[in-house]
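Let's walk through this model together, one feature at a time.

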Amino acid sequence: MENYRWRVIGAIAGVLAAIVLLSPNFMDTSKINWWPAKKKLNYGLDIQGGIHLVMGVDINGVMQETATRQANSLKKELTTQATEKVELVNFKVTNAATGEMEFEFQNAADADKAHKYIGDRYGTVLQMIERKDKYTIYRYLDNQLVDLRSKVIAQSIETIRNRIDEFGVAEPSISQQGDNRILVQLPGMADAEQAKKLINTTAKLDFMIVDDTVNYAEVQKWIKDAETAGNFTMASMKYSDYVTKINEALRGKIPDKSVVYFGKAENARTMDAGSLAYVLRADTDLGGTDLDDASISFGQFGDPQVALRFNPTGANKFADITGNNINKRMAIVLDRIVKSAPNIQTRIGDGNAVITLGQRNQQESLDEAKMISTALKAGSLPAALEQLEERRIGPTLGADSIRQAQMGAYAGAFLIFVFLILYYRAMGLVASASIAVNVLSGLGLLTALGATLTLPGIAGIALTVGFAVDANVLIQERIKEELVKGASWKLAIREGYSRAMSAILDSNVTVAAVAIILLNFGTGPIRGFAVTLLIGIATTLFGNVFFSKVIVDTLIYKWNVKNISIGLSDKHLAKA
Amino acid sequence: MNQKKVNSNENENYGRFDFVGKTPLFGGISLLLVLASLIYLAVGGVNYGIDFKGGTEIQVKFAQAVTMDDIRKASEGLGIGEVGVQGFGDTSEFIIRFQGEQGKDDKETNAKLNEAIGKVRSMIDTQFKDKQPEIRRVDTVGPQVGAELKRNGLLSVFYSLLVILIYVSLRFDYKYSPGAVICLAHDAIITLGIFVFVGKEVNVSILAAILTLIGYSLNDTIVVFDRIRETDSEHHGKSSKYIVNKAINDMLSRTVITSGTVFTSALCLWIFSTGTVSDIAFAITIGMFFGTYSSVFVAAPMMIFIEKMKFLAKA
């Protein structure tokens, strides 16, 4: 009877918490501000229907291209910028995975001079791994490789996200899986074929000059008018359709050869919530194919900036455009979305530009620099994607599965309760109540943790109900045994719970250990199974050991019940 | 506690049944079943589903009656290699399975597979248009992912068994742990045998089912071990046979009630559901039986066996 008061409080708090956490699933709590629980239970794609895609990212293809561009630009630099000019006669990429390049010079002396230049200029990027006469082999430093690879993944994710935002899917999930894969999960997607097609197209990057001659307020008004006239908004349709419609409506109003695209306003969470319209000149003809590389660098005060390097054709076009548009803004447009629109300060002739981000909070600037450089890379060096796995579940199938599983679960639960109550009488009622508490708090935890309930997850719950039944039976049988031996109810209960406890703990801890392993090694469905198993184990201990003991203690000690029916006949008791 | 000791001293009998005495019989049966399953799996081969070998499954339901032959005939003309058609649930619902053709490397195989999916889909949409098809599920696993899923699946089973071995040795005694692991392997092999025997393909959800079974069987074995350990500490000096028999007899009603209850509810789940849940419920249903059986007739005798080995080694 130690800590009885605290245990009662704990039990009541636990049950209340479970009910509160579950509440959003059966009532609308979003309007009640003070209500602590807002989250609903997430259903996996196998239940709610949707599409699950695993895309392989061709990192090596990008590495090959990156190394080639690096070598090309080095070749140019060695003849123009190096103090001792050298000709790089020939180069080839010998290993794409590590960015290994073999350079051939005219003679060994040239190779030495080039090595000096590369060491000074690219010492933090490249390392020499072999030297033979006029040949040298360089590769990227390991930290550079890690960085490059993670950027390729980041830019692919960015590209895919752009595409999916088009569809306005409620809660898309796009995440990295393993070293070179991207997992895309789109719940409730009806238009799967189109989504797949879109995901597989590469991003289009454009550099366009912002036309400041048009009055911004006027543009806003035209857009408003067009929206009212056509009865549409950005939120109600795909972005690309919206842009097309707006541009049709505004033709004639904005100057010839220009278009209206949109960017996300600085403090808005989504485009729909706050967008900025840009009138852009469509005649610049500078795009992703002209850009070699983009990366984050730091200015003299350590402020983050984005460094761009154009290829020779791009550099020429860029020089002309910047020369003609000083003090105008150049928009960076990825898939018709304006990502940034920095001001052109001077003519840039060598194809190396820097976008400064102005004076602000360091972290914000860094985030923006990352966003811009990712967008630039996505458009200039797109990684090829390959579909490796696809699982698509139609909404009717998922609905069928969950309905059937529910039927089975209700029938099973009903049988368990009926049996426990018939066999263990009053104690069976306590056992049934504790199993119900166990399942409720399990679902409550699942909801609160934002975990996803999948079909194998339901099996995990079924399994933990099995454990819960076992825990109850162990306890009841133990109490019976003690009673048969002649123990008083008080003693029988204490002994019954404490002795059954060791078996319950051991078995649950072992299974939990296995569940943790599954969580680490398993994929998709297996993980869902492991999660519910782990949660179920925790709630089994709460419901069947803690909660039911509190009820029984209350009956015996507080309400002075002398004899609880547990399904023992007088004959059994007489044996003792 | 004292009371208990007095009681058991008065009654030298360990209970109603001599479980340990039946070890040769049930051990023989178990060995036979495991061997039969292994031979069956080795000869017939495990029928891996698309999760592990790569390929595509399309589940399609027609509003109007369509026969399996219709689909088979229509698929043969597509030139995408072998196509399997299987009825599912209602008469007008089918699963169409194919692996596509082998390319010279994984990448090419994958591309061919994706191409084949397009062909099958357009076949369904055009040739069966008037039957109102509804594509309810499409699962495609490329060869690269398939190999990986298989590896991860096997690894997770292996590590699970390893962890159990270590935990049981630490928490109980090393003499218990081989019994626990052999008992789980026994259950998993026999269930896998049964699964393949009834014609189920082994895929990720079957793996989840087998893990469920291992989970239950483990739970049961640990409960039995716990009771043996407890009986052992109270009747130290008695023979292992006496202790094991007494422990199992003492908890016999628990074993029967728990397995009976869970068996029934798993059976309900199995009867009502289809697909993944049905597979898992089926595994729990079989697993309930073998899990309970193996704790008593495999795990416990194993423990006595290890103890005897230890004794012999000392002598």
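Strand E14 (residues 330-334) and strand E15 (residues 337-340) of chain A pair in the antiparallel sense over 3 bridges. This is a predicted model, in which local features need pLDDT of at least 70, side-chain atom pairs count only at pLDDT 80 or more, and totals for chains, interfaces and linings use all residues. Residues are numbered from 1 along each chain as its sequence is written, while chains are lettered from A and ligands numbered from 1 in the order in which they are written.

Q: Which strands make up the closed barrel of chain A?
A: The barrel has 5 strands in the order E9-E11-E10-E15-E14, with mixed pairing. From one strand to the next, the twist averages 55°. Helix H10 (residues 362-380) of chain A packs on this sheet, touching strand E9 (205-210), E14 and E15, and its direction makes about 65° with that of E14(A). Angles run from 0 to 180 degrees between N-to-C directions, with axes fitted to C-alpha atoms, for helices over the stretch in contact; contact means C-beta atoms, placed from the backbone, within 7 Å.

Q: What is the strand order in the open sheet of chain A?
A: The order is E12-E13-E16, with antiparallel pairing. Strand E12 (291-298) and strand E16 (352-356) stand at the edges with a single partner strand each, so one side of each has no neighbour in the sheet. The twist averages 20° from one strand to the next. Between strand E13 (residues 304-310) and E16(A) there are 5 bridges, and A:Gln305 has A:Thr356 as its bridge partner. H10(A) also lies across E12, E13 and E16, running at about 170° to E12(A).

Q: How many residues does each chain bring to the contact?
A: Chain B brings 63 residues and chain A brings 58 residues. On the side of chain B, H8(B) gives the most, with 14 residues.

Q: Which strand of chain A pairs with E4(B)?
A: Strand E17 (residues 385-393) of chain A pairs with E4(B) in the antiparallel sense over 5 bridges. There, A:Arg392 stands opposite B:Val138.

Methods:
Two strands pair if DSSP finds at least two bridges between them. Helices (H or I, at least four residues) and strands (E, at least two) are DSSP runs, numbered from the N terminus. Two residues are in contact if their C-beta atoms, placed from the backbone, lie within 7 Å.
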